[in-house]
Amino acid sequence: AVMIAGILKAAGHRVGLYTSPHLCSFRERIRVNGSAISEEAVADAVDALGTLIARLDATMFEAATILALDHFARERVEWAVLEVGIGGRLDATTVGCPQAEVITRIDYDHQVFLGWQLEQIAREKAAILRSGRATAAAQAPEVIQILVAQAERAGVPLWLHGRDLAVHVRARDLSGQRLDFSGPGWGLSDCFVPLLGGFQAENALLAVATVKALGASGVQVADGAIRQGLARVSWPGRFQVLGRAPWVILDGAHNPAGAQALALALE
């Protein structure tokens, strides 16, 4: 999400970014062109929306989503990049008709709400495929079947990593990684991403592919903007090296897939 927002900003667009959770301040969740919402704007929005939120008995995440969308409307953003909460059919971010949807690696997460079997979770998450175009990370075979079927039902063209999309790591060190990307009818080589961990190569691929897919909606983003957006990306708390004597690395992995990705990155 932060890579997509950064690329669109580099292309000259006004971009809202909604993510969770926050590390230090709630304001981190709601940003416009990289700047967090002000304390005053949060207070004003809570005053204005508090009665409605209470009447709807909204959860904290639902209330935050309402606040974010209200802020983006007031700030007249051209694009809103929304990270889902639990993801899928019942998610608070499932509003409007998106131009693009991105599905990262589906694994066991939020099982109380989404189901205990991987297929159940995949069906819930696949429900975000409903308009525009879609990109998806490499998945288990049973998950791919569910995503492809949902995309066909919704009439949403779907690019899958491993079938339609590819990424190659040219070089990797503690400053970041240099990556080559390719997809149907396009390619982009030697892009620098200052984020560590092999999983970020696939995340970068999905971000680039999503921006390329927007071209079908008439949104043309120059390769230079893609390179610039990737090179400037920052995401604290995800394989973040804080010290080297001794080594201190922060990572917010919180489910089995995240822990496995962290283990591979540490190796």
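Analyst: Strand 5 and strand 6 (residues 133–136) are joined by four bridges and run parallel. The model is predicted. Within this pair, V102 stands opposite T135 in strand 6. Strands of a sheet pair through backbone hydrogen bonds, either parallel or antiparallel.

The pair belongs to an open sheet of three strands, ordered 5-6-7, with parallel pairing. Strand 5 (100–103) and strand 7 (158–160) are at the edges. Each has a single partner strand, so one side of each has no neighbour in the sheet. From one strand to the next, the twist averages 15°.

Now look at what lies across this sheet. Helix 6 (residues 141–154) lies across strand 5, strand 6 and strand 7. Helix 6 runs at about 160° to strand 7. Q150 is a residue of helix 6. Is Q150 buried or exposed? The cut-off for buried is under 20% relative accessible area. Q150 has 18% relative accessibility, so Q150 counts as buried. Leaving aside neighbours within four places in sequence, Q150 is in contact with A126, A127 and L129.

A further open sheet has four strands, in the order 3-2-1-4, and its pairing is mixed. Its edge strands are strand 3 (35–36) and strand 4 (79–82), and each pairs on one side only. Strand 1 (residues 15–18) runs parallel to strand 4, and four bridges join them. In this pair, V15 stands opposite W79 in strand 4.

Helices pack here too. Helix 1 (residues 2–10) lies across strand 1 and strand 4, at about 170° to strand 1. Helix 3 (residues 60–74) also packs on the sheet. Helix 3 touches strand 1, strand 2 (30–32) and strand 4. The direction of helix 3 makes about 15° with that of strand 2.

Two loops are worth a stop in this part of the chain. P21 sits in the loop between strand 1 and strand 2. The peptide bond from S20 to P21 is cis, with omega near -5°. D57 sits in the loop between helix 2 (39–56) and helix 3. The phi of D57 is near 55°, a positive value in a residue other than glycine. Most residues other than glycine have a negative phi, and most peptide bonds are trans. Is D57 buried or exposed? Exposed means over 50% relative accessible area. D57 has 66% relative accessibility, so D57 counts as exposed.

Next come the hairpins around strand 9. Strand 8 and strand 9 form a hairpin with two residues between them. They pair in the antiparallel sense over seven bridges. D173 stands opposite G176 in strand 9. Strand 9 also pairs with strand 10 (residues 186–193), again in the antiparallel sense, over six bridges. R178 stands opposite F192 in strand 10. The hairpin of strand 9 and strand 10 has two residues between the strands. In that hairpin, G185 takes a positive phi near 80°. How many of the eight residues of strand 9 are buried? Six are buried, and strand 9 is mostly covered.

The loop between strand 8 (166–173) and strand 9 (176–183) holds L174. L174 has a relative accessible area of 43%. That value lies between the cut-offs of 20% and 50%, so L174 is partly exposed.

The last stop brings in strand 11 and strand 12. P246 lies in the loop between strand 11 (240–244) and strand 12 (247–250). The peptide bond from A245 to P246 is cis, with omega near 10°. F239 lies in the loop between helix 8 (223–231) and strand 11. The phi of F239 is near 45°, a positive value in a residue other than glycine. At 9% relative accessibility, F239 counts as buried. D57, by contrast, counts as exposed.

Notes
Residues numbered from 1 in each chain as written. Predicted model: local features only at pLDDT ≥ 70, side-chain atom pairs only at ≥ 80, totals over all residues. Heavy atoms only, no water. Buried < 20%, exposed > 50% of the residue type's maximum accessible area, 1.4 Å probe, protein only. Pairing = 2+ DSSP bridges. Axes fitted to C-alpha atoms, helices over the stretch in contact; angles between N-to-C directions. Contact = heavy atoms within 4.5 Å.
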